[in-house]
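Hello,

Here is the structure I promised to pass on.

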Amino acid sequence: MVTVAPVDPAGAAASGAALLRRAWAPPALHYTEAYLRWQLGFPPADGIGAVAVRAEAGSEWVGFAAATPRRVEVAGTPIDAHLVSFVAVAPEARGSGLGHRLYAVLLDRLVAAGAQAVITFGLEGSVGLSLLVRAYEAAGFRTVDLGEYPSLGMVIPRTATAREASPPPGLPASGPADLLASAPTEEQWRHYLTDPRGTRWLGLPDRGTLTGRGGLAVLAERATTRGVEPFACLTNLFGGPFDAADLAILAEGLAGFGPPGTVATLPNPEGLPLEEARSRGLRRLAVNYCGKLFTRPDWTGSLPRLARTTVEVA
Ligand SMILES: CC(C)(COP(=O)(O)OP(=O)(O)OC[C@H]1O[C@@H](n2cnc3c(N)ncnc32)[C@H](O)[C@@H]1OP(=O)(O)O)[C@@H](O)C(=O)NCCC(=O)NCCS
């Protein structure tokens with residue numbers, strides 16, 4: 001018999017990461033225990049920390065799902081939301097309703113804790129995306145579509161040289177008014193910078209001066225059929241919209257971060273001038289993410305004209 005129940009996030013990193021590595025077929029993010037512990041340790045701004053759920057058969061985990069807190073903002077209005085990710089069922093346990101059961105328990109816990117809104121991403125056309133949309137609706141959440149994101153990527157040229165990065169700002173800049181953007185508290189921003197995968201702030205000038213505009217890149221690992229490889233990933237953009245000169249700085253900064261010959265990606269390039277990407281060596285990847293914001297039925301906030309987001313794809 002398989003049981004599905006909440007689990008203490010502080011103790012979930014090792015088994016959760018092992019399950020995630022089993023569930024995602026390469027090429028995929030390589031989930032380490034340190035990375036998951038860091039994610040599950042994100043400090044909340046509203047007192048509602050990470051929530052984790054596991055499915056267990058005997059003493060073995062065969063399913064996992066988690067939500068971690070993030071402050072986001074639209075048109076100057078802060079929203080303390082949770083980012084739901086890490087939803088996975090072991091290959092041999094699929095197709096018997098465990099995905100639905102994991103979501104039911106996770107969303108029940110989030111509602112009971114008082115969580116207001118959830119942000120999540122799914123791959124266009126995937127089983128995971130159709131499952132999550134139905135799961136939130138079944139739990140009474142309302143859906144706001146945050147659009148589709150064409151991912152960008154490049155192979156870092158052998159000629160690329162390591163570049164000096166600018167120091168992280170006090171706090172990154174807020175996003176354009178019509179976007180749902182990351183707006184971390186000071187404590188959350190400090191947490192971003194302790195990502196165990198290694199971070200780099202790629203600062204962008206604003207009228208010649210470096211401010212909080214820019215991107216946060218991480219040196220992540222991906223599982224491929226050849227083994228585990230490093231890859232640079234621009235996870236978060238702050239302070240758009242961005243122009244062609246900004247794109248050039250970000251692309252060069254990313255190329256100067258990862259090892260030459262490896263892949264670098266921008267999984268959510270919202271706000272960047274995509275028509276300029278090719279001239280900077282960036283190509284569209286065969287991966288489109290769909291962003292969703294789910295609000296609980298009694299949520300009283302308003303979301304004017306909101307249809308896009310720069311929040312990171314975790
Ligand atoms: C997505 C995932 C969690 C689903 O887990 P699961 O336990 O098989 O899910 P369920 O049994 O609850 O099935 C959910 C729905 O998907 C359908 N489904 C499951 N596997 C399917 C497949 N291979 N092809 C088509 N539909 C499928 C089920 O029929 C069910 O539909 P229904 O609600 O209409 O009955 C699992 O496939 C997985 O871990 N995939 C890899 C990681 C991943 O993609 N995570 C989600 C990121 S958004």
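Below is what turned up, starting with how to read the model.

This is a predicted model, in which local features need pLDDT of at least 70, side-chain atom pairs count only at pLDDT 80 or more, and totals for chains, interfaces and linings use all residues. Residues are numbered from 1 along each chain as its sequence is written.

First, the ligand. Its shell holds 20 residues, of which Val89, Arg94, Leu98, Gly99 and Gly128 come nearest (near means a C-beta atom, placed from the backbone, within 6 Å). Strand E5 (77–89), helix H3 (98–113) and helix H4 (127–138) each supply at least two shell residues, and H4 gives the most, with six. Helices here are DSSP runs of H or I with at least four residues, strands are E runs of at least two, and both are numbered from the N terminus.

Next, H3. Its buried residues include Leu98, Gly99, Tyr103 and Leu110; buried means 20 or more other C-beta atoms, placed from the backbone, within 10 Å of the residue's own. They pack against strands E1 (2–7), E3 (51–57), E4 (60–74), E5 and E6 (117–123), and against H4. After H3 comes Gly114, with a positive phi near 100°.

Finally, Pro69 lies in strand E4. Pro69 is buried because 21 other C-beta atoms are within 10 Å. Beyond its neighbours within four places in sequence, its contacts include Phe42, Pro44, Asp80 and His82 (contact: C-beta atoms, placed from the backbone, within 7 Å).

Best wishes

Definitions and conventions
Buried ≥ 20, exposed ≤ 12 C-beta atoms within 10 Å, placed from the backbone. Contact = placed C-beta atoms within 7 Å.
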